[in-house]
Structures are given as C-alpha cells and as structure tokens.
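Have a look at this model before reading on. The notes below walk through a few of its features, one at a time.

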Amino acid sequence: MLGLKLPTDPRWVNIVEKNIKEILTDHAFCEQKATSTAISLIVSFPEYTDLVQEMTALVKEEISHFKMVHDKIIERGWTLGRDRKDEYVIALVKFFPKGGSRTTQLVHRLLYAALIEARSCERFRLLSEELEDKTLATFYRNLMVSEANHYTMFLGFARQYGDKQEVDKKWQELLAFEAEIMGKLGNTEAIHG
C-alpha cells in the first residue's frame, strides 16, 4: 500500500529496544516537525482553502501526538532529550530542484511530506508487531493508522494540485531515491534513519 521500494530491516527493532529513550525523543521531535510542516504549508499557501482546512486539523492532531509521546517519556521517568539533525529528511529534501512555480513548489513539499509519513507508518507497523514492550507496541499500532491517513492525504493533495501523471512520475522517482537513502541509513534509533 505504501509503495516504499526498500522495506525496513526487521532487525531495526532490536536497535530500538536497546534505545527506547532515544527513539521516543526522536519520535517526539518528528511529531513537532510534522506540526511545523503543517503550519508552514498554511503560511506559504493560504490561497488553497481545502489544504488550509486540512492542515489546521493536522496541526491539532500532530501536536496531540507530540504530547502523547512526551507523556510516554515522562511515564518512564525520563525528560525529553535534545533534538538532533534528521539525516533522512536532510538527504530526502535534496531530491527536487529548488525554485519553479508556486504550484511546483507546493507539489514537491506535499510529496516530501507524503513520503515521510509513509516511512513513519511503515516503521510504526514494525514497532507495533515486533516490540517486546506490548504497551509501546499498542501505542505504535494506534499511531500507525494516523500516519497512513496523513500519507494518503498529502499524496492526494499533490495529485489534486499538480498534473496527476507528472505527480505520479515524480512520486515513483522520489520513492526510488528514498530507497537509496534508506540503504545508507536505516540502522539507528531514529524513526526515519
């Protein structure tokens, strides 16, 4: 369903289980960045009323996810660690050239967001199925559904605002590029990396 070209190696969960505090911290900041992305789309493209409406709802949802993850950190007696660079996103956003029309810029941002959400969904599914901590596994199962909805929403908007055939071609190219990134990363206690 997600179309990812390189699935996560299931052994990644072993890395996560040895570094639960790190994955929760990284996850919390991913939710904060997803909130920021939705706000940025509202600010950058206010004339797209249906997008603004959906992003407003997404801001509320993503910040509630941040709180849920932060609560998990607190429940374990920890404090939120510091944010760190997301090597996955840094590499990913180099794919499309800068510039172009406003519509092209919007489509590219929507495709990036869709892919990040798709990878999150895939990782959350793996965590929900493989984590020994069943409370955390259930937590990730519930979040996985949201991520799948976000992925399809972003991809749908990209197809709505851009030429569908061109968008689908760019999407396939971006998926292939993302697989190359995951081949180099994919083995740290990070949601994407």
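Predicted model: local features only at pLDDT ≥ 70, side-chain atom pairs only at ≥ 80, totals over all residues.

**Helix α2 and its partners**

Let's start with helix α2, which spans residues 20–44 and packs against helix α3, residues 49–75. Two packed helices are described by the angle between their axes and the distance between the axes.

| Pair | Angle | Axis distance | Handedness of crossing |
|---|---|---|---|
| α2 and α3 | about 165° | 8 Å | left-handed |

Now for the residues that touch. On the α2 side of the contact with α3 you'll find, among them, L24, A28, A38 and I42. Over on α3, the residues they meet include V52, L58, F66 and I73. That contact as a whole divides into 15 nonpolar, six polar and three charged residues.

For the contact with α6, α2 supplies I20, L24, H27, E31 and L41. The α6 side consists of L136, F139, Y140, L143, E147 and F154. This contact splits into eight nonpolar, one polar and two charged residues. Notice that L24, H27 and E31 of α2 turn up in the contact with α3 and also in the one with α6.

**Cysteines on their own**

For C30, the nearest cysteine sulfur belongs to C121 and is 14 Å away. That pair is not a disulfide, because the sulfurs would have to be within 2.5 Å. Both cysteines are tucked out of the way: C30 is buried, with a relative accessible area of 13%, and C121 is buried too, at 5%.

**A buried loop residue**

Finally, find D86, in the loop between α3 and α4 (87–92). Is D86 buried or exposed? D86 is buried, as its relative accessible area is 14% and the cut-off is under 20%. Leaving aside neighbours within four places in sequence, D86 is in contact with C30, K33 and H192. As for L2, it is 84 residues from D86 in sequence and 21 Å away in space, C-alpha to C-alpha.

Definitions and conventions. Residues numbered from 1 in each chain as written. Heavy atoms only, no water. Buried < 20%, exposed > 50% of the residue type's maximum accessible area, 1.4 Å probe, protein only. Axes fitted to C-alpha atoms, helices over the stretch in contact; angles between N-to-C directions. Helix = DSSP H or I, 4+ residues; strand = E, 2+ residues; numbered from the N terminus. Left-handed = near helix turned anticlockwise from the far one by under 90°. Contact = heavy atoms within 4.5 Å. Nonpolar A, V, L, I, M, F, W, Y, C, P; charged D, E, K, R; others polar.
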